[in-house]
Amino acid sequence: MDFVQARTIITKTKKPDYWFGYEYNMNIYRGCNHGCIYCDSRSECYHIENFSEVKAKENALEIIRDQLRRKVKKGVIGCGGMSDPYNPYEKDMLLTRNALELINAYGFGIVIATKSSLITRDIDVIQDINRHSPVCMILTITTADDDLSKIIEPNVNVSSKRFEALATLADNGIYTGILLMPVLPYINDTEENIKSIVDRAHEAGVKFIYPYFGVTLRQNQRCYYYDKLDEHFPGIKEKYIEQYGNRYRCSSSNYKKLWNVFQKSCKDYNILYRMSDIISAYKANSRQVQLSLFDY
Ligand code: SF4
């Protein structure tokens, strides 16, 4: 794997409370080889050349240590926004794991979004962080059908493995949730898919699901996605062109039905789905974990 130069790795977020309530962003790797056909990080506006070639940031751990040491204000760090922190190289490189150890040592919290069950390897460090700071682990799941996930997210664990990873995290007392996005028009935007994901989330002990019943498309990301539609779903690209033109937000025409089935199922299982509730709940959970430590 190649390396790229980086001066900073942890950056302050612009809107601390909007996206999972974290104050800092961290991306240790650049690019991602999980191959999701809809990946937004492929868009030209992010200026990542050869996106599917993963590169690690040079001296990443030294930079992270230095940045954490200098930060006056503790807070929650979000990881996984632009590239998956558990790409296949991470198994041997341990950069994400070592970064978590630093986050633990310097007293910060962590929110991770991934599609890989490799996250369960780091349960011990995540539990250590949870003893002093908020922790929230998110697996993205867009379809309950493993065969479909092999097509739309070809180089990462199939959905059933991700549900297993969620169950393992939850069994170990870690606050977990699902990002149910994107839901691709004409592909996985069925009531059956949404209901099945919520049912299996409940079985896995998941506390929240955050959805978007549609996909965003722009620039070269749209071209890549359309090429993949032609390859795997002939005839669907033409429907997108007719319905959405050059629109960025391409919401499913089943949006209302999907939202109704989703909301009802989540309420039945007491699964959260509003961002403000999710943020309050995982931060409150962390305080409970810390209080419980005083009982010993
Ligand atoms: S795992 Fe995330 S970053 Fe990687 S290709 Fe898929 S959507 Fe993109």
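These legends walk through several close-up views of one predicted model. Residues are numbered from 1 along each chain as its sequence is written. Because this is a prediction, local features need pLDDT of at least 70 and side-chain atom pairs count only at pLDDT 80 or more, totals for chains, interfaces and linings use all residues, and side-chain values use heavy atoms, with hydrogens and water left out.

**View 1. The annotated domain, residues 18-242.**
An unreviewed UniProt entry labels this stretch "domain: Radical SAM core"; UniProt positions are given in the numbering used here, feature names are shortened, and annotations may be inferred rather than shown by experiment. Over residues 18-242 the chain is 39% helix and 16% strand. Helices (H or I, at least four residues) and strands (E, at least two) are DSSP runs, numbered from the N terminus.

**View 2. The residues around the ligand.**
Look here for Cys 32, His 34, Gly 35, Cys 36, Cys 39, Ser 83, Asp 84 and Lys 115. A residue is near a molecule or strand if one of its heavy atoms lies within 4 Å of it. This shell has three nonpolar, three polar and two charged residues. In this sorting, Ala, Val, Leu, Ile, Met, Phe, Trp, Tyr, Cys and Pro count as nonpolar, Asp, Glu, Lys and Arg as charged, and the others, Gly among them, as polar.

**View 3. Helix α3 beside helix α4.**
The axes of α3 (residues 95-105) and α4 (residues 123-130) come within 9 Å and cross at roughly 20°. Axes are lines fitted to C-alpha atoms, for helices over the stretch in contact, and angles run from 0 to 180 degrees between N-to-C directions. The two helices are therefore roughly parallel to each other (under 35 degrees; over 145 is roughly antiparallel, 65 to 115 roughly perpendicular, and the rest oblique). Their crossing is left-handed, meaning that the near helix is turned anticlockwise from the far one by less than a right angle; clockwise would be right-handed. From α3, Arg 97, Leu 100, Glu 101, Ile 103 and Asn 104 make the contact with Asp 124, Val 125, Ile 126, Asp 128 and Ile 129 of α4 (heavy atoms within 4.5 Å). This contact has five nonpolar, one polar and four charged residues.

**View 4. Helix α1 beside helix α3.**
The axes of α1 (residues 60-70) and α3 come within 10 Å, crossing at roughly 20°. These helices, too, are therefore roughly parallel to each other, and their crossing is right-handed. Leu 61, Ile 64, Arg 65 and Leu 68 of α1 meet Leu 95, Asn 98, Ala 99, Leu 102 and Ile 103 of α3. By class, there are seven nonpolar, one polar and one charged residues.

**View 5. Helix α8 and helix α9.**
Here the axes of α8 (residues 219-232) and α9 (residues 236-244) come within 8 Å and cross at roughly 140°, so the pair is oblique. Tyr 225, Tyr 226, Leu 229 and Asp 230 of α8 meet Ile 236, Lys 237, Glu 238, Tyr 240 and Ile 241 of α9.

**View 6. Backbone details at Pro 182 and Asn 50.**
The peptide bond from Met 181 to Pro 182 is cis, with omega near 0°. Pro 182 sits in the loop between β9 (176-180) and α7 (191-203). Asn 50 is not a glycine, yet its phi is positive, at about 45°.
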